[in-house]
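Good morning, colleagues. Please have it open as I speak.

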Amino acid sequence: MLLESKKVQYTHPGQKTLAFPDIRLNHGESILVLGKSGSGKTTLLNLLAGLLSPETGTISLAGTKLSELKGQKQDLFRGKEIGIVFQKPHLLSALTVRENLELTHFFSKKEGQNLDKLLAELGLTAKAKSSVLTLSEGEAQRVSIARALANEPKLILADEPTSSLDDENAANVIELLKSQAAKIGAALVIVTHDQRVKSQIPNYIEVESL
Amino acid sequence: MNLFKLSWKYLTFRPLSTGLNVLLLAMGLAIITVLLLMQDQFEKKMTQDAAGIDLVVGAKGSPLQLILSGVYHIDFPTGNISMEEAKKLTRNRLVKSVIPLALGDNYQGFRIVGTNHDYLNLYKAEFAEGKAWEEPFEVVLGSEIAKKSGLKVGETFEGSHGISVGSHDHEDHPYRIVGILSPLGSVVDRLILTSIESVWYTHDEAESEEVVIESDSLATELPVAAAEEPEIHQDKFHSPVAKTGFPETELPREVTTLLLQYRNPIAAVQLPRQINSGTSMQAASPSFEMSRLFELLGVGVSLLQGLAFVLIAISGLGIFIALYNSLKERKYDLAILRAIGASRIQLLFLIFLEGIMLTFLGAVLGILLGHTFLWVVISQNDQGVVSTLQAWIFLKEELWVLGYALGVGLLASIIPAWSAYQTSIAKQLTKA
Ligand SMILES: Nc1ncnc2c1ncn2[C@@H]1O[C@H](COP(=O)(O)OP(=O)(O)OP(=O)(O)O)[C@@H](O)[C@H]1O
Ligand SMILES: [Mg+2]
């Protein structure tokens, strides 16, 4: 198993405890995380990314237990092995498109993918040297996907990557995530309540608040 | 891509705020740099020019003026003293040596100083060309004058009466240049040296030929000598001048200033009092008068220093506010950096780097501005003490300025950096 989460629970301060269904994913497999608003989908994603630590249960990626890594080691592991696509692109506006991608190589200390090739695959070659402030929303989201892929991670997490996109762009983004994940053999977890996505990825789990 | 480059990108992403803060800091540091440079060079010059001179004796008046005119050749002389009285001092057992000076003329604003060869030795003068004066009207040029006027050994020029430019010229007795000194870095570079006799004879002529004496009342008038026999006249112009001590003369003559060296420490206590109360002359100690002057200047200096520190404090605050504000906008960026593998420590560094780079720029700019400012001031003054300052000498103290600036940057970044360190990524990224 590449990604395995078992009996994971988490409680936000002052909130009731969230319990999550187990996830098991192999190389190249993808899964949707569905659920009502406020059910804890983003929380689960943060747990899988090691941005939060579960109270009980374990999450392991490629044989490494996330909860056993601490501080700098965990940050580095995340940088190397996990790519995250956020709901909004959140690109660093002081940098150009390519520089945004270069950052991932610097911070993860990993060689990663050839950035020019990656940009070409995502149709962003012409924008490589542009400031991210000049991008359209769809382009920006594609750059943020490129950023998640730049290190050839083992796990790709995406939190509502399509919510602000039109039908065509939404379909493209999911297709892109699927094909890229398959290409580098990564597991793909997409959080969404976007009905359009379900047709593209049949495999899903549902998060319910207890 | 690395942390340096990233910090730099963030700085240049807000050029106005960055520019303003850098400029503010640079202004403050420029003032400090100028003060440092001036203080260092003035003090060095002042002590260097007064080295070997324990006491200055001249006409009664302001002691500071006596020192400024007699040693540094800045102010106007207080007047003249009779040579008879001056000569008596040489016999005083407390006096080791006396160098007489006769002032009163200039060439294009450079002072012509009548003295003897002891003066050359006092400043350890060396000749770049030619030799010392032997006869009346032979002169030796300081290096700076030679450079500025372009005069060469063998050429002649006419002095003007008075010690500043614009007075009338002595046309009858041109000075002949027999030597040019190597640069000494002292007051001598700006002086034209000749024998006391030259100064006397010039004025003899001026007085007997011209009835009208110019209104320049500050200029030192050397005395009218009695009309002389023509043959003596011819003779004395070609007889060798005194190379040490006072010149021989049958006429009552005057000199302007005496530079004295004490024989022993007791002299420092007794001699000034003896001269000030026992004679019609005045004695002043260069070191005492200069420290008094610096004390007076000190008020202005501390005022400027205060202003500089206020500027630096404001810029420090500006940097803090800029970093802190940009941090609010950048919380997402920081969270993203963490998400792609940056550690807390790296974010801490990132913010510190930004503050430090900002102040480093300010410091470098400030130091350069300070030097440039001094350079402008110097090039505006081509005579006088200021012109002898050097703008592009760098002092060890300037490293302190740099360190000080970096300290400000560090201080201003502590809180923003700490808050970057504390940023919780999960919370930040979940926020809509
Ligand atoms: N930092 C926090 N502090 C306290 N409560 C939190 C915090 N973050 C989330 N919660 C609460 O935890 C619950 C789950 O939040 P989460 O963001 O995971 O929901 P979600 O399923 O992603 O919702 P949505 O579909 O609206 O994005 C919500 O009730 C939320 O109010
Ligand atoms: Mg959510």
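In which loop of chain B is Arg14(B) found? Arg14(B) is found in the loop between helix H1 (3–13) and H2 of chain B; helices (H or I, at least four residues) and strands (E, at least two) are DSSP runs, numbered from the N terminus.

Before I continue, a word on conventions. This is a predicted model, in which local features need pLDDT of at least 70 and side-chain atom pairs count only at pLDDT 80 or more, while totals for chains, interfaces and linings use all residues. Residues are numbered from 1 along each chain as its sequence is written, chains are lettered from A and ligands numbered from 1 in the order in which they are written, and side-chain values use heavy atoms, with hydrogens and water left out.

To return to Arg14(B): this residue is buried, with a relative accessible area of 16%. Here buried means under 20% relative accessible area, exposed over 50%, and partly exposed in between, with a 1.4 Å probe and protein chains only. Not counting residues up to four places away in sequence, Arg14(B) touches Ala322(B), Ser326(B), Arg330(B) and Glu354(B), where contact means heavy atoms within 4.5 Å.

I turn next to helix packing. Two packed helices are described by the angle between their axes and the distance between the axes. The axes are lines fitted to C-alpha atoms, for helices over the stretch in contact, and angles run from 0 to 180 degrees between N-to-C directions. Helix H2 (residues 15–49) and helix H12 (residues 397–422), both of chain B, have axes that come within 10 Å and cross at roughly 160°. H2(B) and H12(B) are therefore roughly antiparallel to each other; angles under 35 degrees count as roughly parallel, over 145 as roughly antiparallel, 65 to 115 as roughly perpendicular and the rest as oblique. Among the residues making this contact are Leu25(B), Leu29(B) and Ile32(B) from H2(B), and Val401(B) and Tyr404(B) from H12(B).

H12(B) also packs against helix H10 (residues 286–339) of chain B, with axes within 9 Å and a crossing of roughly 30°. H10(B) and H12(B) are therefore roughly parallel to each other. The residues of H10(B) that meet H12(B) include Phe309(B), Ile312(B) and Phe320(B), and their partners in H12(B) include Tyr404(B), Val408(B) and Pro416(B).

Which residue lies 9.8 Å from Glu398(B) in space, C-alpha to C-alpha? That residue is Val364(B), 34 residues away from Glu398(B) in sequence. Val364(B) is found in helix H11 (residues 344–380) of chain B and is partly exposed, with a relative accessible area of 34%.

Let us now consider the nonpolar interior. In soluble globular proteins, nonpolar side chains tend to be buried together. A nonpolar core is a set of buried Ala, Val, Leu, Ile, Met, Phe, Trp, Tyr and Cys residues joined through side-chain atoms within 4.5 Å. The largest such core has 67 residues, of which Leu3(A), Leu103(A), Leu157(A), Val189(A), Leu6(B) and Leu337(B) touch the most other members. Apart from this core lies another, of 41 residues, including Leu64(B), Tyr123(B), Trp133(B) and Val188(B).

Val57(B), in strand E1 (residues 55–59) of chain B, is buried, with a relative accessible area of 0%. Val57(B) and Thr257(B) are 200 residues apart in sequence, yet 5.7 Å apart in space, C-alpha to C-alpha.

Finally, the salt bridges. Lys110(A) lies in the loop between helix H3 (97–108) and helix H4 (115–121) of chain A and Glu81(A) in helix H2 (residues 71–81) of chain A, so the pair ties together parts that are 29 residues apart in sequence. Glu81(A) is buried, with a relative accessible area of 13%, whereas Lys110(A) is partly exposed, at 22%. Glu81(A) also meets Lys154(A) in a salt bridge, at 3.2 Å, N to O.

Methods:
A salt bridge is a side-chain nitrogen of Lys or Arg within 4 Å of a carboxyl oxygen of Asp or Glu.
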